[in-house]
Amino acid sequence: MKKTLWTRNFTLVTGATVLGAAGGIAGNFALSFLVFEETGSTLAAAILLASSIIPNFLVPLIASPIMDRLPRKPFLVFGDLINGVLFALAGLYLTFYSFSYIAYLLFSLVLTSLGAFDSLAYNSIYPKLIPAGMEEKGYTVSGMIYPVLQVLMAPVAAVLYKAIGVANILLIQGGLSIAAALIESRIKIEEKRVNDGQKFSLKVWSKDIRAAGAYLKKEKGLLNIYGYMAVTNGIAGAYSPILVAFFSTAAGFTMAMYSFFSVAEFAGRSLGGLVKYFTKIPEKRRYSFAFFVYQLYELMDMILLWLPYPLMLANRAICGFLGINSATMRQAAVQRHIPEEYRARINAFESVLYSLAYSVLALLVGLLGEVLDYRLCITICGLFTTTVLWLTVVRGKKHVAAIYNKPSEENS
């Protein structure tokens, strides 16, 4: 019998993810415009973004030890269910009452906390829902869902925003999240409850955190991968204000031209996803391929703003094409390497590290953009990230390659 990726469990989790992502994109789009319309302040929107750092840091740290001791499916189902109920209540509130920024700030903190919790549950259970040997295909599918829906749902959300209003969009989002939870509830998976005779307490939580720390301390390959990815992702996120400033001030450039960056990257990512889905990188070549992509990606960033505009678009398309290929390979290899009993805690460490790196690097890149030419700023950042690449992925090649080139085996 031919092995297939599209088993019952994988089909269910993918369908639920599509529903949840579609609703989330539409809802976030509508709320972002509502905040600006009601406040007229970009600072108000910035405060909302900044406030998300706190729950993204605290929630994974607090919840991951609990999640490693209990079945993860209930966390996934009830996370989406509560999310749906909250958005439905927000829609009902806006139907009868006027917008309040303070109330929305508090609501946003709750939603961000719930989102961090749900993301941790999803990332921890997802490897168990992919058939053995199909990990890279599975992560290719999950990696394509959000960018595809982002392109499809953004114009739909814009039309709905004018046609039915924010309140009704939030009610629809609530319904989609609840539907996602119902679909996830039909997933059939055997999960073990960790029972070492200890009642869960702060002492046990601390013990579990220390155990994960001791595991990570020995995992030089994971630490090098996480270190590089935290820096490169943090720098990439921090580029956004620099790019906006460049296209707003440089002669011959406009914001409309900048908007096509996402289109070019989406096109490259879509093509790359299709290629990745139907092909497989040989196990012994995975590390070499990853290094090639990482080095090329940093080079592409360094030269981005020095190119003629058509080549800028080609630059982003190439990065999108290669990015999804290396990202899905890395996700599959890392999740395959992490023992099941540590998965939530190690994924939480990764999430916390990325949040901290983004917070610090966004500030530093922003300060650099105040004193240097925008093109030079991005080139320097690319050189810095390349240095980190060589100090981690290259210097730790033995350990990193052991993870990337590890043969596929049965899910743990």
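## Crossing of α13 and α14

Helices α13 and α14 cross in a right-handed sense (the near helix is turned clockwise from the far one by less than a right angle). This is a predicted model: local features need pLDDT of at least 70, side-chain atom pairs count only at pLDDT 80 or more, and totals for chains, interfaces and linings use all residues. Residues are numbered from 1 along each chain as its sequence is written, and side-chain values use heavy atoms, without hydrogens or water.

Helix α13 spans residues 343-371 and α14 spans 374-394 (helices are DSSP runs of H or I, at least four residues, numbered from the N terminus). Their axes come within 9 Å and cross at roughly 140° (lines fitted to C-alpha atoms over the stretch in contact; angles run from 0 to 180 degrees between N-to-C directions).

Leu 361, Val 365, Leu 368 and Gly 369 of α13 meet Tyr 374, Cys 377, Ile 380, Cys 381 and Phe 384 of α14 (heavy atoms within 4.5 Å). This contact has eight nonpolar residues, one polar and no charged (Ala, Val, Leu, Ile, Met, Phe, Trp, Tyr, Cys and Pro are nonpolar; Asp, Glu, Lys and Arg charged; the others, Gly among them, polar).

## Packing of α3 on α13

Helix α3 (residues 53-69) packs on α13 at about 170°, axes 8 Å apart. The two are therefore roughly antiparallel (over 145 degrees). Their contact divides into 10 nonpolar, five polar and three charged residues.

Buried residues of α11 include Phe 289, Val 293 and Asp 301 (under 20% relative accessible area, 1.4 Å probe, protein chains only). Their cover includes α6, α9, α12, α14 and α15.

Key:
Buried < 20%, exposed > 50% of the residue type's maximum accessible area, 1.4 Å probe, protein only. Parallel < 35°, antiparallel > 145°, perpendicular 65-115°, else oblique.
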